[in-house]
Amino acid sequence: MPEPDFDEGAAISATGAGGVGQGAIAPTGTGAAMDLAISEGATLGKTPGGPEGTGPAGKPRSLWGDAWRDLRRNPVFIISGLIILFLVVISLWPSLIASGNPLKCDLSKAQLGSRPGHPFGYDGQGCDVYTRTVYGARTSVTVGVCTTLGVALFGSVLGGLAGFFGGGWDALLSRITDIFFGIPVVLGGLVFLSVVTSTTVWPVIGFMVLLGWPQIARIARGSVITAKQNDYVQAARALGATNSRMLLRHIAPNAVAPVIVVATIALGTYISLEATLSYLGVGLKPPSVSWGIDISAASQYIRNAPHMLLWPAGALAVTVLAFIMLGDAVRDALDPKLR
């Protein structure tokens with residue numbers, strides 16, 4: 001097959017006069033076809049919303065913009081988000097769907113099954129299981145959200161400072177986290193909370209923050225160490241930016257994504273841990289309303305009245321699953337390697 005004619009001198013002169021690409025390949029048939037295809041592709045790509053990876057004005061989207069776009073298209077995020085929204089609403093206003101008093105009991109109705117107006121039946125003390133299940137969501141959501149905020153804030157600050165400054169501060173934090181990682185959570189709760197007489201949620205929250213921050217601290221430390229190696233941080237340092245400016249403006253926004261992912265997934269774990277400690281009798285105590293307390297009280301009646309255990313345990317399982325699903329969806333959206 002004969003090779004197409006190609007005038008190298010003409011190509012070079014055309015390149016010098018008109019730039020690389022068009023003049024160099026125009027004399028050949030194959031080059032003309034390629035040039036036409038490239039031109040048509042560029043024309044089709046000029047949509048009002050901008051090319052792929054850009055916003056409406058043609059500007060590149062940020063990591064958070066891409067993440068929000070992916071989350072809106074993820075059915076796992078939508079389903080878990082609706083469940084969590086429902087839990088938050090009934091936690092703030094439980095009387096919207098439960099008009100009774102969770103502490104009002106009638107022993108004559110103890111262990112009775114479903115009745116009109118009381119779809120979940122009664123527990124061993126004659127309390128309405130439906131009302132206690134609804135009001136128990138407030139405790140679980142409060143413990144989970146407050147613990148997550150405390151762990152994320154405390155762990156991020158300590159881990160971020162250790163990763164940024166390094167040296168002796170970093171070594172000291174690493175040894176402290178090793179000590180906390182060696183403490184069994186349930187055993188620590190039995191020892192720490194057994195001497196607490198308060199019936200509020202704050203001792204439980206404080207204990208979980210105390211044992212939960214090392215995980216977030218290590219993740220924040222690794223993210224900051226990775227982020228401070230980037231060229232834009234080195235450029236800011238060369239231009240004379242202060243440590244606080246580099247941390248707040250350049251490093252923190254690019255290192256916070258892993259912390260958010262882990263904290264979101266851990267929120268469901270904190271809810272289940274509170275229920276476990278309450279079940280063991282060292283977490284929340286009556287007259288507090290908690291799914292863990294109800295599960296503990298119903299465990300001895302599981303043969304005669306299984307409904308007492310079914311509803312609070314089912315609510316706990318759905319809540320923990322919703323937060324874990326939300327964390328998985330956020331992780332998929334914030335991790336560019338998974339796209």
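Figure 1. T177 has a relative accessible area of 2%, and so counts as buried (under 20% relative accessible area; exposed is over 50%, partly exposed in between; 1.4 Å probe, protein chains only). The model is predicted: local features need pLDDT of at least 70, side-chain atom pairs count only at pLDDT 80 or more, and totals for chains, interfaces and linings use all residues. Residues are numbered from 1 along each chain as its sequence is written, and side-chain values use heavy atoms, with hydrogens and water left out. Helix α7 spans residues 167-181 and holds T177. Helices are DSSP runs of H or I with at least four residues, strands are runs of E with at least two, and numbering starts at the N terminus. Setting aside neighbours within four places in sequence, T177 touches W213, P214 and R218. Contact here means heavy atoms within 4.5 Å.

**Figure 2. The whole protein is built from helices, with 0 strands.** The count is 14 helices. Along the sequence the pattern reads α-α-α-α-α-α-α-α-α-α-α-α-α-α. Of the 339 residues, 39% are buried. Among contacts with a separation of 6 or more, 65% link residues 24 or more positions apart. The accessible surface comes to about 18,800 Å². Carbon and sulfur atoms contribute 66% of that surface. Areas come from the Shrake-Rupley method with a 1.4 Å probe; for residues, only the protein chains shown count as cover.

Figure 3. Helix α9 runs over residues 202-227 and includes V224. V224 counts as buried because its relative accessibility is 8%. Which residues does V224 contact, leaving aside its neighbours within four places in sequence? They are G160, G163, F164, I251 and A255. For the pair V224 and G160, the C-alpha atoms are 5.9 Å apart.

Figure 4. The closest N and O atoms of the pair lie 2.9 Å apart. D294 belongs to helix α13 (residues 291-298) and R132 to helix α6 (residues 129-165), so the bridge ties together parts 162 residues apart in sequence. A salt bridge is a side-chain nitrogen of Lys or Arg within 4 Å of a carboxyl oxygen of Asp or Glu. D294 is buried, at 11% relative accessible area. R132 is buried too, at 9%.

Figure 5. R221 sits in helix α9 and D170 in helix α7, so the pair links parts 51 residues apart in sequence. D170 is buried, at 12%.

**Figure 6. R331 and D332 meet in a salt bridge.** The N to O distance is 3.4 Å. R331 is partly exposed, at 37% relative accessibility. D332 is also partly exposed, at 33%. The structure holds 7 salt bridges.

**Figure 7. H250 is a partly exposed residue of helix α11.** Helix α11 covers residues 243-255, with H250 among them. The relative accessibility of H250 is 21%. Beyond its neighbours within four places in sequence, H250 contacts Y232, V233, A236 and R245. The C-alpha atoms of H250 and N230 are 9.7 Å apart. These two residues are 20 residues apart along the chain.

**Figure 8. A nonpolar patch lies on the surface.** The patch consists of I78, L82, L85, F86, V88, V89, L92, W93, L96 and I97. Together these residues have about 940 Å² of accessible area. Patch residues have over 30% relative accessible area and no salt bridge; nonpolar side chains (Val, Leu, Ile, Met, Phe, Trp, Tyr) are joined within 5 Å, like charges within 9 Å. I78 is located in helix α5 (residues 75-92). At 41% relative accessibility, I78 is partly exposed.
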